[in-house]
Amino acid sequence: MAALNPFVWDRPVDDPSKIVGMEPFAHEVALVLKGQTNVALFGARDTGKTTFTTQLALELAKDHGPDAPPFDVVRVNLQRVLSLPGFIGCVHDALTGHPDKRLRRAAQRQMSVLEKEIGFDIKLIKGGVRRTGITPAQDAETLHAQLVALRSVSDRLVVVFDEFQRLRRCPGEPLALIRSALMSTGAAHVSLLFTGSIRNALKMMLEDSEQPIFGEAAQMQLPVIDRVDFLEYLDFQFEATGRPAEEAALDHLLAVTGGHPRRTQQLAWEAWAASPRGGVDVETVIDCHERLVQSVERSEFSSAVQLLANGDEAEFNELRALQLLADRGGGNVTSRELAVLYGFSSHSRVPTALERLRGRGLVDQRADGWYVVDPLFGEWLARHSPLRDTPARGH
Ligand SMILES: Nc1ncnc2c1ncn2[C@@H]1O[C@H](COP(=O)(O)OP(=O)(O)O)[C@@H](O)[C@H]1O
Ligand SMILES: [Mg+2]
């Protein structure tokens, strides 16, 4: 077998045979959606939400018995949306780029009917054509009509809005439009999946009674990839490409990434690339990890730290909380002694700072406490800290 890089970390995984450990959860979510309940799925950045939607689409296409026949899926990527015209562009891309030809054609038919109705070509919205005389109300009408067209492409449909929290700042009431087009009578055959990487933002959109989609979705959390599943996957991929890895090397790899999906794949890739003749050992993994931790220096993470360091008191407190978490872990974040050590005026300020950091997607909370989401960022912070309690690993 040719030695092609088996580890994907720079984009969502789209090859189903390379998606690790998501089958049971995809099954669970598919049944909820087929049962006509919308789902809001939370997962921090780079932990596999978009990848999961690929597994989910496969699951939804299965026949789960008389009450749960196959469903089609349209995935709308909202990551770059700033405005209603941008939203319209994303829906357009989702339909014209749909992987299933049958659905793509159905969408084309719906779109041309729609374009006749509104009197212009939807894709012109994307082209930056002169928009003089187009009112926000007209954009809203176009989006609404487009979403109504979208719901007609299949008799059983799940629409995925990926990075849904983006719409929070989009002017023109996109949520009300979604509600009216995709959650009303006439849309009984449509279920929605909202994914979000900023938990507070997603929650706010669903739990605020002023919001048009208040209470309309079951909230779920993307599960972590089981350690043994990940280990087996790595083991198999190193082996299958002729570069077998030592068990201890794989253990170390997963230990330093904590099983974080993207960082695990990235470190595996580095170790793979560094071992053209196979025999991947612990030293190789340590060296590669070292390089990756150093690369945080020039990344957006160090810009984020600069931003906090130069900010107001509240932002500086975020920096304190971030450093405390990186150095000491999340088990005892509100201890008075630690608060003093990190310069908080009161330990009662720590939770607020952590909440704000969570709003930025930099930290999160799980059953065993708070943690820095990105394991390399956490390691980089701790390494440069004068207050770390364990001496930096000599290397
Ligand atoms: N189920 C999975 N199995 C293996 N690797 C995964 C999985 N999910 C995510 N990854 C890794 O994480 C990276 C980011 O995944 P992505 O789906 O883009 O995350 P998100 O949408 O949450 O930002 C992928 O490039 C891949 O390396
Ligand atoms: Mg994504």
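Reader: What is the separation of the C-alpha centres of domain 1 and domain 2?
Author: In this predicted model, the C-alpha centres of domain 1 and domain 2 are 36 Å apart. The bounds are 22-221 for domain 1 and 227-297 for domain 2, and a domain 3 covers 299-383. These bounds come from an automatic or database domain assignment.

Reader: How many helices and strands does the protein have, and how much of the protein is buried?
Author: There are 17 helices and seven strands. Of the 395 residues, 42% are buried. Among contacts with a separation of 6 or more, 73% join residues 24 or more positions apart.

Reader: What makes a set of residues a nonpolar core, and which members of the largest one touch the most others?
Author: The members must be buried residues of the nonpolar kinds listed for a core, joined through C-beta atoms within 7 Å. The largest such set has 82 residues, and those touching the most other members are Val76, Val91, Val158, Val159, Phe194 and Leu253. Helix α3, residues 84-96, gives the most to this core, with seven residues. Domain 1 and domain 2 each supply at least three residues to this core.

Reader: Which residues does Val159 touch?
Author: Leaving out residues up to four places away in sequence, Val159 touches Val74, Val76, Leu150, Leu182, Val190 and Leu192. Another core lies apart from this one; it has 28 residues, including Leu322, Ala339, Leu362 and Trp380. In soluble globular proteins, nonpolar side chains tend to be buried together.

Reader: What makes the phi values of Gln36 and Asp46 worth a remark?
Author: Most residues other than glycine have a negative phi. Gln36 is not a glycine, yet its phi is positive, near 65°. Asp46, not a glycine either, has a positive phi of about 65°.

Reader: Where is Glu297, and why is Glu297 called buried or exposed?
Author: Glu297 is in the loop between α12 (282-295) and α13 (300-309). With 10 C-beta neighbours inside 10 Å, Glu297 falls within the limit for an exposed residue and so counts as exposed.

Reader: How many residues surround ligand 1, and which are the closest?
Author: The shell has 21 residues, with Val20, Gly48, Thr50, Thr51 and Gln265 the closest. The elements giving two or more residues to the shell are α2 (49-60) and α11 (261-273). By kind, the shell divides into nine nonpolar, seven polar and five charged residues.

Reader: Which domains supply at least three residues each to the shell around ligand 1?
Author: Domain 1 (22-221) and domain 2 (227-297) each do so.

Note on methods: Residues numbered from 1 in each chain as written. Chains lettered and ligands numbered in written order. Predicted model: local features only at pLDDT ≥ 70, side-chain atom pairs only at ≥ 80, totals over all residues. Helix = DSSP H or I, 4+ residues; strand = E, 2+ residues; numbered from the N terminus. Buried ≥ 20, exposed ≤ 12 C-beta atoms within 10 Å, placed from the backbone. Contact = placed C-beta atoms within 7 Å. Near = placed C-beta within 6 Å. Nonpolar A, V, L, I, M, F, W, Y, C, P; charged D, E, K, R; others polar.
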